[in-house]
Amino acid sequence: MGAVSAAPIDDTTLSERWLTVPDLVDLLGVSPGRIHRLFEQKTLLAARIDGVLRVPSEFLEDTEPLPELRGTLIVLSDNGFTDDEAVRWMLSVDDAIGTSPIAALRAGRKAEVRRIAQSLL
């Protein structure tokens, strides 16, 4: 994936806080099956860290998945990114954006983030 490392995420400092499926069940008030459906639908995205699926807390807004996230995750998936690669890209500073894509999404820069995501090969 070019500038994105294909290695699994082993640096947990990329996120302020990593949430496991049980954490998400408690936080969102839904079943584990519903959490896995959110992953399948690209509404949320998890990376496998130390063998455990974890979601960066930055992907949530209060107790809901960040609405702007889904379209960007679909673009990354369509471009061949694995879930781990997509999570790493979303959390890492991108020179073209000047910040991390997730920070840009949270700041209302959805179109810019998706345009950059579409250009990644």
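**Reading helix packing and salt bridges in a predicted model**

Author: The structure holds 2 salt bridges, and we'll get to both. This is a predicted model, where local features need pLDDT of at least 70, side-chain atom pairs count only at pLDDT 80 or more, and totals for chains, interfaces and linings use all residues. Residues are numbered from 1 along each chain as its sequence is written, and side-chain values use heavy atoms, with hydrogens and water left out.

Reader: Okay, overview first. How many helices and strands does the chain have?

Author: Helices (H or I, at least four residues) and strands (E, at least two) are DSSP runs, numbered from the N terminus. Here that gives 6 helices and 5 strands, in the order β-α-α-β-β-β-β-α-α-α-α from the N terminus on.

Reader: And what share of the chain is buried?

Author: Buried means under 20% relative accessible area, exposed over 50%, and partly exposed in between (1.4 Å probe, protein chains only). Of the 121 residues in the chain, 43% are buried.

Reader: Let's zoom in on one helix. Which residues of α2 are buried?

Author: Helix α2 spans residues 32-40, and I35, L38 and F39 are its buried ones. Looking down the axis of α2, these buried residues fall within an arc of 100°, so they line one face of the helix. That arc is taken over the directions from the helix axis to the C-beta atoms.

Reader: What covers those buried residues of α2?

Author: Think in contacts, meaning heavy atoms within 4.5 Å. The cover includes α1 (21-28), β3 (52-56) and β5 (64-65).

Reader: At what angle do α1 and α2 pack?

Author: Axes are lines fitted to C-alpha atoms, for helices over the stretch in contact, and angles run from 0 to 180 degrees between N-to-C directions. For α1 and α2 the angle is about 105°, with the axes 9 Å apart. The two helices are therefore roughly perpendicular to each other. As for cut-offs, under 35 degrees counts as roughly parallel, over 145 as roughly antiparallel, 65 to 115 as roughly perpendicular and the rest as oblique.

Reader: Which residues make the contact?

Author: From α1 you have V21, L24, V25 and L28, and from α2 there are P32, I35, H36, L38 and F39. By class, that contact has 8 nonpolar, 1 polar and no charged residues. In this scheme Ala, Val, Leu, Ile, Met, Phe, Trp, Tyr, Cys and Pro are nonpolar, Asp, Glu, Lys and Arg are charged, and the others, Gly among them, are polar.

Reader: Back to the salt bridges. Which residue pairs with K42?

Author: A salt bridge is a side-chain nitrogen of Lys or Arg within 4 Å of a carboxyl oxygen of Asp or Glu. K42 forms one with D83, the closest N and O atoms being 3.0 Å apart. K42 sits in the loop between α2 and β2 (47-49) and D83 in helix α4 (residues 83-91), so the pair ties together parts 41 residues apart in sequence. K42 counts as buried at 16% relative accessibility, while D83 is partly exposed at 33%.

Reader: And which residue does R109 bridge to?

Author: R109 goes with E112, where the closest N and O atoms are 2.8 Å apart. R109 is partly exposed at 28%, and E112 is partly exposed at 24%.

Reader: Last one, the backbone. What is phi like at K42 and D62?

Author: K42 has a positive phi near 60° in a residue other than glycine; K42 follows α2. D62 is not a glycine either, and its phi is positive at about 60°. D62 lies in the loop between β4 (60-61) and β5, and counts as exposed at 71% relative accessibility.
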